[in-house]
Amino acid sequence: MSCHLNMKNIAPVFVFVIYVLFTGCNQVSRRVDNSNNRFSSVLHGLLGQKEYFQLETQLHLLKDSIENKERLFFQAFLDNAFNRKERSIRVIDTLLTNYFSQLSDTTKAALLLLKDDDYFKLYQYAKSARNIDTVLENYQAALDSDKISDIKNDLLIRNALQSVPPQEVIIRERAYIPWKKDRIGLVEIPVRTREQTYDCIFDTRANISSISQTYAAKLGLKMLDVSYEEGTGITGITFKTGLGIADSLFIGDVLLKNVVFQVMPDSILYFPPIKFRLNVIIGFPVIEAFREIQIYKDGKMIIPVIPTKKDLHNFALDGLDPVVSLKTGNDTLCFHLDMGATSTDLYYAYFEKYKPQIQNKGKIKTIQIGGAGGIQKKEVYIIPDFAVYLENKKIRIDSVAVHMEKIHPAEKYFGNLGQDFTSKFNEIIMNFNYMYLSAN
C-alpha cells in the first residue's frame with residue numbers, strides 16, 4: 001500500500017485561469033507588438049503549467065522584451081514559489097499601486113490571492129483574511145463558483161486565526177531529533193509537551209499539522225470556534241473539521257509556540273483495512289519554519305541554528321507543497337516531495353509524456369492508495385524501474401506506479417517522490433531558506 005497523508009491545501013490555489021490573466025490589458029492605449037505578445041504567451045504558458053524553474057530562466061532572458069507590469073506579475077509568482085514571501089508582497093503592492101487601472105479583474109484577484117498565500121505563510125492571518133475579503137467584495141465575477149467556494153472556506157480559517165499570534169520556532173542550539181518508522185513505514189518523530197511525549201508523523205505534504213479530536217484533548221489544545229469543510233484529496237472524502245492551537249511544543253530542543261492544528265474526527269484518521277490509526281501529523285508550516293532539516297538514514301534529524309548556503313537551486317513551493325526539480329533521462333521534471341508517502345507514484349502527466357515506453361515495459365496492476373479518510377483501489381501501470389538524478393547522483397527506484405488518470409483535477413506535476421527515493425541517501429537536506437534539496 002502506498003500511504004499518503006496529504007490534506008487538501010488550506011491556502012488558496014493561487015494559479016488559476018492563467019491564460020486569461022491579462023485579458024484586460026489589451027485596452028492599454030499604446031500598441032504592443034507581436035513579439036511582445038508572443039514572449040508574454042510563452043511565460044504565461046510556463047506559469048500555467050507551474051514550471052517555475054523554466055519560468056525563472058525565461059523571464060531573465062525576456063525581461064527587456066515584455067512590459068514592466070508583466071515582468072512584475074511573473075516576478076511576484078516566482079518570489080512566492082521560491083519562498084521569498086516579503087518580496088512577493090512588495091512586488092504585488094507595486095503592481096496594484098502603479099498599474100491598477102491597466103489590470104483586469106481576473107489579474108487583480110489572482111494577485112490578491114497570491115498575497116493571501118504569502119501572508120498566511122508568514123502567520124499574519126488578519127492580513128491574509130483582508131486580501132480574501134477584497135476579492136470577494138470586488139472580484140467575484142472574475143472567479144468560477146468552485147473557486148469562490150474554496151476561498152470562502154479559506155476565509156473561515158483566516159478569520160478564526162485572526163487573534164492567534166504568529167507561530168514561533170526558537171532554535172537556541174543545534175538540535176538533534178530521533179526518528180523511526182511506524183509499522184506501515186511512515187516516519188515518526190517525538191513531540192513533547194510539558195507533561196508527555198508523543199510519536200507524531202513527519203509529513204512534508206500535510207499542508208497543515210493535523211490531529212485527531214482525541215489527541216487534541218490529550219495535548220490540551222485551545223479549540224477555536226470554527227467549523228469548516230475539508231477534503232482528503234486522494235480518497236475524495238469531505239468532512240467537517242476545526243482548528244486548535246498548541247501554545248507550546250518541543251521537537252527535540254526546538255521550542256514551537258502558537259502551532260496551528262487542524263482537528264479532525266478520529267474516524268477520518270483511522271484505516272479499518274489495516275487496523276491503523278493516525279494521531280498527530282506534523283506538517284508543512286512547522287517543517288518549513290525549521291529553515292533547514294538534515295535527515296540521516298541512521299535515524300536522526302539535525303536542525304542547525306543557521307541554514308547552510310549552497311549554490312543549488314532545485315526546490316520550490318506550490319502553495320504549501322514542496323516541489324523538487326530533477327533530471328530524468330533527457331528531461332528535467334518537477335515532482336512533489338512527500339515524506340508522508342512510503343513509495344513513489346508517477347502522475348498522469350508522466351504517463352502522457354512517456355506513454356509508449358510505459359505501455360511497452362509496464363504491467364497493469366490494481367494497487368491500494370491510503371489517505372486520511374480511507375483506502376482506495378486504483379488501476380495503474382507498474383514500471384520495473386525509474387531513475388532520477390539529484391546533484392548528479394543517480395537514484396534508481398524499483399517497481400514504480402504510474403497513474404493512467406489524474407488524481408486531482410488541477411494536477412500539473414510529474415509525480416510524488418516518497419521514502420523509497422529519500423531512503424537511497426545517507427543524508428538528505430531540505431533547505432527552505434535558500435530553497436534547495438541536497439543529498440549525500
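How many residues lie between strand 4 and strand 5 in their hairpin, and which residue in the turn has a positive phi? In this predicted model, strand 4 and strand 5 form a hairpin with 5 residues between them, and Gly 185 in the turn has a positive phi of about 95°. Strand 4 covers residues 180–181 and strand 5 covers residues 187–192. The two strands pair in the antiparallel sense, over 2 bridges. Across this pairing, Lys 181 stands opposite Val 187 of strand 5.

With strand 6 (residues 197–202) it pairs in the antiparallel sense over 5 bridges. Here, too, a hairpin makes the link, joining strand 5 to strand 6 through 4 residues. Arg 192 has Thr 197 in strand 6 as its bridge partner. Strand 5 also runs antiparallel to strand 10 (residues 238–251), and 2 bridges join them. In that pairing, Val 191 has Ile 251 of strand 10 as its bridge partner.

Most residues other than glycine have a negative phi. Asn 258 is not a glycine, yet its phi is positive, near 55°. Asn 258 is placed in strand 11 (residues 254–264). With a relative accessibility of 12%, Asn 258 counts as buried, because the cut-off for buried is under 20%. Asn 392 also has a positive phi, of about 65°, without being a glycine. This residue sits in the loop between strand 22 (374–390) and strand 23 (393–403). Is Asn 392 buried or exposed? At 77% relative accessibility, Asn 392 counts as exposed, since the exposed class begins over 50%.

Turning to the aromatic side chains, the search of the whole structure finds 14 aromatic pairs. One of them is formed by Phe 73 and Phe 74, whose ring centres are 5.3 Å apart with 70° between the planes, an edge-to-face arrangement. Phe 73 is buried, at 0% relative accessibility, and Phe 74 is buried as well, with a relative accessible area of 0%. Another pair involves Phe 335 and Phe 386: the centres lie 5.9 Å apart and the planes meet at 65°, so this pair is edge-to-face. Phe 335 belongs to strand 19 (residues 331–337) and Phe 386 to strand 22, so the pair ties together parts that are 51 residues apart in sequence.

Charged groups sit over aromatic rings in places. Arg 38 lies over the face of Phe 39, at 5.3 Å from the ring centre. The charged end of Lys 327 is found over the ring of Tyr 389, 6.0 Å from its centre.

Side chains of opposite charge can pair when their charged atoms come close. The count in this model comes to 15 salt bridges. Among them is the one between Asp 117 and Lys 121, whose closest N and O atoms are 2.9 Å apart. Both residues lie in helix 5 (residues 105–121), 4 residues apart, which is about one turn of the helix. Asp 117 is buried at 0% relative accessibility, and Lys 121 is buried at 7%.

A salt bridge can also be followed from strand to strand. Asp 385 and Arg 396 meet through their side chains at 3.0 Å, N to O. Asp 385 lies in strand 22 and Arg 396 in strand 23, so this pair ties together parts that are 11 residues apart in sequence. Asp 385 is partly exposed, with a relative accessible area of 24%, and Arg 396 is partly exposed at 39%. Elsewhere, salt bridges that share partners join Asp 79, Arg 84 and Arg 87 into one network. Asp 79 is buried, at 0% relative accessibility, whereas Arg 87 is partly exposed, at 37%.

Technical notes:
Residues numbered from 1 in each chain as written. Predicted model: local features only at pLDDT ≥ 70, side-chain atom pairs only at ≥ 80, totals over all residues. Heavy atoms only, no water. Pairing = 2+ DSSP bridges. Buried < 20%, exposed > 50% of the residue type's maximum accessible area, 1.4 Å probe, protein only. Phe/Tyr/Trp six-rings, centres within 6.5 Å; stacked < 30°, edge-to-face > 60°. Lys NZ or Arg CZ within 6 Å of the ring centre and 35° of its normal. Salt bridge = Lys/Arg side-chain N within 4 Å of Asp/Glu carboxyl O.
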